[in-house]
Amino acid sequence: MAEDSGKSFARRDRLLEIESQVQKWWDEGDVFKAEAKELAPKPGDKFFGNFPFPYMNGYLHLGHAFSLSKLEFAAAYHRLRGANVLLPFAFHCTGMPIKASADKLKREIEMFGYPPVFPIVKEEGSEQEEKPEGENAGNQTQPGGKFKGKKSKVVAKSGGVKYQWEIMQSYGLSDEEIEKFKDPYHWLTFFPPLAVEDLKAFGLGCDWRRTFITTDMNPYFDSFVRWQMRKLKSMGKIVKDLRYTVYSPLDGQPCADHDRASGEGVIPQEYTLIKMEVVSPYPPKMSVLEGKKVYLAAATLRPETMYGQTNCWVLPDGKYGAFEINDVDVFILTKRAALNLAYQRLSRVLEKPTCLVELTGQDLIGLPLRSPLAFNDIIYTLPMLSVLTDKGTGIVTSVPSDSPDDYMALHDLKSKPAFRAKFGVEDEWVVPFEIIPIIHHPDFGDKSAERICIEKKIKSQNEREKLDEAKKIIYKGGFYEGTMLVGEFAGMKVQEAKSLIRSKLLELDQAVVYSEPEKKVMSRSGDECVVALTDQWYITYGESEWKKSAEECLAEMNLYSDEARHGFEHTLSWLNQWACSRSFGLGTRIPWDEDFLVESLSDSTLYMAYYTVAHLLQRGDMYGTDKSLVKPEQLTDEVWDFLFVGGPYPESSDISSSQLSEMKKEFEYWYPFDLRVSGKDLIQNHLTFCIYNHAAIMPKHHWPRGFRCNGHIMLNSEKMSKSTGNFRTVRQAIEEFSADAMRFSLADAGDGMDDANFVFETANAAILRLTKEIVWMEELFEAETSLRAGPPSTYADHVFANEMNIAVKLTERNYSEYLFREALKTGFYDLQAARDEYRLSCGSGGMNRDLLWWFMDIQTRLIAPICPHYAEYVWKELLKKDGYVVKAGWPQADLPDLTLKKANKYLQDSIVCMRKLLQKQITGSKKGNVSIPNSQNKPTVGLIFVNEQYDGWKKECLNILQKKFNTSTRSFAPDQDILSELQKSALGQGGNFKQTQKLCMPFLRFKKDEVMAVGVQALDLKLPFGEIEVLRENLELIKRQLGLDRLEVLSATDANAIEKAGNHATLLKSNPPSPGNPTAIFLNE
């Protein structure tokens, strides 16, 4: 937080002081130390929650803190209510990012010296300085969401710094410190301890004895992962296979999700590559290819449509090449596609595409082709302006019978001679070619593309939105419901014929299999990934029996969201074999093939079990360097089996039986874990892998119980981004706002799967609220003697006590359902509002001491999971309570009195309405003719007329609506039925029905709408409390609020009472009181 604006930071600094003091208390009391008990826990006795360990190539940021806060709040709630809570934390160092960054530093020093002097890149545009936005509450500076920084347009567009050295400098490191990061293991000793410091400052209720890092730097965890991998292999769940996988050419290995800078979740997309033979002689520019078989290679997802080819499309200004596939065959396609093929064993030189001649799309226009399955013997290459060269091969087959794009592009060429002339297209290449019906579409016939383009009035190939919509309709209906009209599979459903036609093309060598990433993927090393056909170790996710077990596990889990469940079900439907080995990076070696490492998403699926014994193996050292209790080599597979999967006692082990028993007790007590909290992006990999691995290795009673997934976090409604400066590390946020104000804003940010919003203004407002509350309590203790003693006795006392009972019950429900924004509302905001209303309601009689002391106790406990430092300070220093608030127990409360809640709402709403009416009477009601308020003409007397029960025709109407309301569907019968019932009633039979209808229908409509808004109680003839009693019990409050000298509450059914209104009695006719709506008349004495 920049402190250059002359603002006071005293409030924020006060909270930081409190946090530092409270953290010392917690350390001294080992408050978060979690020990297994002798007896097995009953439901609710223990809570084991965990969080995907963050990757240690930098500082923890607010994105980590947001997801982690969901676990922290949940664990704190369970700890508060008396459960034995285990919240451990570890650090992930496996994979290639750290090694890649270390290698980058090495290269930069080699190329540019030490310290490196980088070449100066000319920057465009003027320098601009971003300034903080706005002011803030609570005497805190408003950070504004962005760091100050000067940036050129070039730098801004490139996403910030270019070199790894500059990235390290952005962490505030000196040149001497940065140089040490050439060693990848230095990262492992530098960042994890800093993360521990930041998380302690955050107030994380963690048992730090159980923390660890991954990779073979920690020999204990390394042994655990080796056991897990051997276990999977022995069960036949790890195999060596030749598979298509997303691959980084620069790293020379598969690029899994966690190895990617962009493109997480992207998988290989498989195509059929149609070999369209170029008919010789070749044009002069292609003369170098004479003697070879040359093909235009078109990637298609619809091989069944090849019968209807009329031409081939290329992008006129697209860049192509003629690439050697083997000694004879040459494919013409884009360089990008050729690179993918080279890694799929379809290149004369593997992994190095060789280009014999570079070509443009214009060079290819007019080439005669013989294409597999096509009824036309010869087709020609033609221009199409919408061909993509970053998807497929840049060569596209044309089937205008079933592709709206092809139909319109061919139509344009046929109907526009000038368009043909522009690209040198001769008439005989286009004009003679007619649509060939090949598939019968159930809705659009045999020429579906032509028909839908006519129906949608598409006039040109440039009408992208209409064409995309048409394509979606035709492709879906054609595939699922279409029937083949031609070829050897005529009469067969398209979805059955497709695979048979594809197999035939591949068998006859008229096509090859081609795969590429379905979207662009960039590795963390900075290169664009391809799809490679690799022979390596795979975990057989998706295998039918294993998948059934995973689905069974998922069905029993609590996911707290239908959206999350659908995400898991979708992932299970497509997830297939997963490459689990890497040749580059850090990690654990594949035990039976030590040239390879276990990749980063495969050593992080079962480690939650390791938490239960980590402290007994590592003695609190995250690196596992203390080997005094158990040596890593003593951890044989038999030992791990005994500890985690019910294996027999390891007789051959030289670990003492007491140590083995202690470790097994820990695991059996804590497992299964109750909750794992994560960002929703991990559903498609890590979290689903976790389910699979538990289902394979663990017995059913140790399968996970729950996952809670959340969206990403925005800062001040903008995407969090280092490159724009809209970014905060955990440490920066704590320094800027304090831990508790930061946690307050994290709780307020949102709880669902949608992206949440961390608002700086909310954090600043929390600073103000928390510090002001401390001051209020301090002042209250000083004024204790002025408070009313004895048990609660007044109406305001009872309402306040009831509001606290409601807050306790609702907040307990919200915490238990992990709805932390709602818990913050009911456990803090609503309680504060109830206290403020109570203070206002008490007047000269004063507030009740016992109620205020109870309020402070309750509020402190309810906010403790979210703002634990503040709550702990209040608990010990102000309330002088023993023990720790984080373990104080959930507050006791009586059952809420919902009738009293409604009565108080009625009272407060009535006061608001009466105040508005009185103000209107004083200032005048005519627009443009407002009189100046004058104390001499201000009314001093108020008459409140109440009618507590509907009677007469309104009573009859309500009875009819009660009959015609279906409580199960929460809906009324049709209006005609209600009208018919009205006509049959005594009211309807008593006179002119049209007059009755005119009288009743507005009231009936009003009450129907009210039922939809507030519920069926709107049809009650009277309220569940006495209105007159409530108003009379609060006469002093109403008089004080309205500034009246005298006030009476009268019954509208009492003729004598109505006389008191005098000349104003006509108001009771024009605005008669009804249940819930009293009528007020204001007079001068």
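The legends below describe close-up views of a predicted model. Residues are numbered from 1 along each chain as its sequence is written, and side-chain values use heavy atoms, with hydrogens and water left out. Local features need pLDDT of at least 70 and side-chain atom pairs count only at pLDDT 80 or more, whereas totals for chains, interfaces and linings use all residues.

View A. Helix α8, residues 219-234, contains D222; helices are DSSP runs of H or I with at least four residues, numbered from the N terminus. D222 has a relative accessible area of 11% and is therefore buried (under 20% relative accessible area, 1.4 Å probe, protein chains only). Leaving aside residues up to four places away in sequence, D222 touches T215, D216, T588 and R589 (heavy atoms within 4.5 Å).

**View B. Crossing of helices α7 and α22.** The axes of α7 (residues 184-202) and α22 (residues 730-737) come within 9 Å and cross at roughly 35°, the axes being lines fitted to C-alpha atoms over the stretch in contact, with angles running from 0 to 180 degrees between N-to-C directions. L194, E197, D198, A201 and F202 of α7 make the contact with V730, R731 and I734 of α22.

**View C. The largest nonpolar core around M742 and F758.** Among the 123 residues of this core, M742 and F758 touch the most other members; such a core is a set of buried Ala, Val, Leu, Ile, Met, Phe, Trp, Tyr and Cys residues joined through side-chain atoms within 4.5 Å. Helix α2 (residues 62-80) supplies the largest share, ten residues.

How values were computed:
Helices (H or I, at least four residues) and strands (E, at least two) are DSSP runs, numbered from the N terminus. Buried means under 20% relative accessible area, exposed over 50%, partly exposed in between (1.4 Å probe, protein chains only).
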